[in-house]
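Trainee: I'm new to this one. Could you walk me through it, one question at a time?
Mentor: Gladly! Have a look first, and then ask away.

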Amino acid sequence: QVQLVESGGGLVQAGGSLRLSCAASGGTFSRYGMNWFRQAPGKEREFVAAISWRGSITNYADSVKGRFTISRDNAKNTMYLQMNSLKPEDTAVYYCNAEAPSGALWGQGTQVTVSS
């Protein structure tokens, strides 16, 4: 069973950048489509970005297009989310998600806080 661990969150000023990582262990990471989701206080979890198992296809929520970049390194069993031009409305807990045959897998989340 794949286990996912996010890291890289923190406090940043508006306009700044952060790079999130999602490290996978215990399974065939390279075969899974992967996603980033986020959940702000009092709101439902929402889709942020997706990447195919080879990394050749990506998709983004409109709210982050042009600012965030999703990528993966299958040799390192790690997925990334480069976040630039951060806005206060990007403040949320960010979760990575794996589309495993057994069902969706989730990490524990990492907090991103953007101050104005």
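**Walking through the model**

Mentor: Let me begin with S21: leaving aside its neighbours within four places in sequence, S21 is in contact with V5, E6, S7, W36, T78, M79 and Y80. Please keep in mind that this is a predicted model.

Trainee: Is S21 buried or exposed?
Mentor: Buried means under 20% relative accessible area. The relative accessible area of S21 is 18%, so S21 counts as buried.

Trainee: How many bridges join β1 to β3?
Mentor: Strands of a sheet pair through backbone hydrogen bonds, either parallel or antiparallel. Here β1 and β3 run antiparallel, and L4 stands opposite A24 in β3. The number of bridges joining β1 to β3 is 5.

Trainee: And how many bridges join strand β3 to β8?
Mentor: Strand β3 covers residues 18-25 and runs antiparallel to β8. You can follow the pairing at L18, which stands opposite M83 in β8. The number of bridges joining β3 to β8 is 6.

Trainee: In β8, which residue is the bridge partner of A23?
Mentor: A23 has its partner in β8, a strand that spans 78-83. The partner of A23 is T78.

Trainee: Which residues do ring pairs link into a cluster?
Mentor: The count comes to 3 aromatic pairs. One of them joins F37 and W106, whose ring centres are 5.0 Å apart with planes at 65 degrees, so this pair is edge-to-face. F37 in strand β4 (residues 34-39) and W106 in strand β10 (residues 103-106) are 69 residues apart, so the pair links distant parts of the chain. Together, the residues of the cluster are F37, F47, Y95 and W106.

Trainee: How are the rings of Y95 and W106 placed?
Mentor: Their centres are 6.5 Å apart and their planes are at 85 degrees, and planes over 60 degrees apart count as edge-to-face. Y95 lies in strand β9 and W106 in strand β10, so the pair ties together parts that are 11 residues apart in sequence. Y95 itself is buried, with a relative accessible area of 13%. The pair of Y95 and W106 is therefore edge-to-face.

Trainee: Which residue lies over the face of Y80?
Mentor: There are two arginines to look at, R72 and R19. R72 lies over the face of F29, at 4.5 Å from the ring centre. Over the face of Y80, at 4.0 Å from the ring centre, lies R19.

Trainee: Is R67 buried or exposed?
Mentor: R67 lies in the loop between β6 (58-60) and β7. Not counting residues up to four places away in sequence, R67 touches Q82, M83, N84, S85, L86, K87 and D90. With a relative accessible area of 10%, under the 20% cut-off, R67 is buried.

Trainee: What is phi of S85?
Mentor: S85 lies in the loop between β8 and β9 (92-100). At 41% relative accessibility, S85 counts as partly exposed. Phi of S85 is a positive value in a residue other than glycine, near 50 degrees.

Trainee: And what is phi of N77?
Mentor: The place of N77 is in the loop between β7 (68-73) and β8 (78-83). N77 is at 26% relative accessibility, so N77 counts as partly exposed. As a positive value in a residue other than glycine, phi of N77 is near 55 degrees.

Conventions:
Residues numbered from 1 in each chain as written. Predicted model: local features only at pLDDT ≥ 70, side-chain atom pairs only at ≥ 80, totals over all residues. Heavy atoms only, no water. Helix = DSSP H or I, 4+ residues; strand = E, 2+ residues; numbered from the N terminus. Buried < 20%, exposed > 50% of the residue type's maximum accessible area, 1.4 Å probe, protein only. Phe/Tyr/Trp six-rings, centres within 6.5 Å; stacked < 30°, edge-to-face > 60°. Lys NZ or Arg CZ within 6 Å of the ring centre and 35° of its normal. Pairing = 2+ DSSP bridges. Contact = heavy atoms within 4.5 Å.
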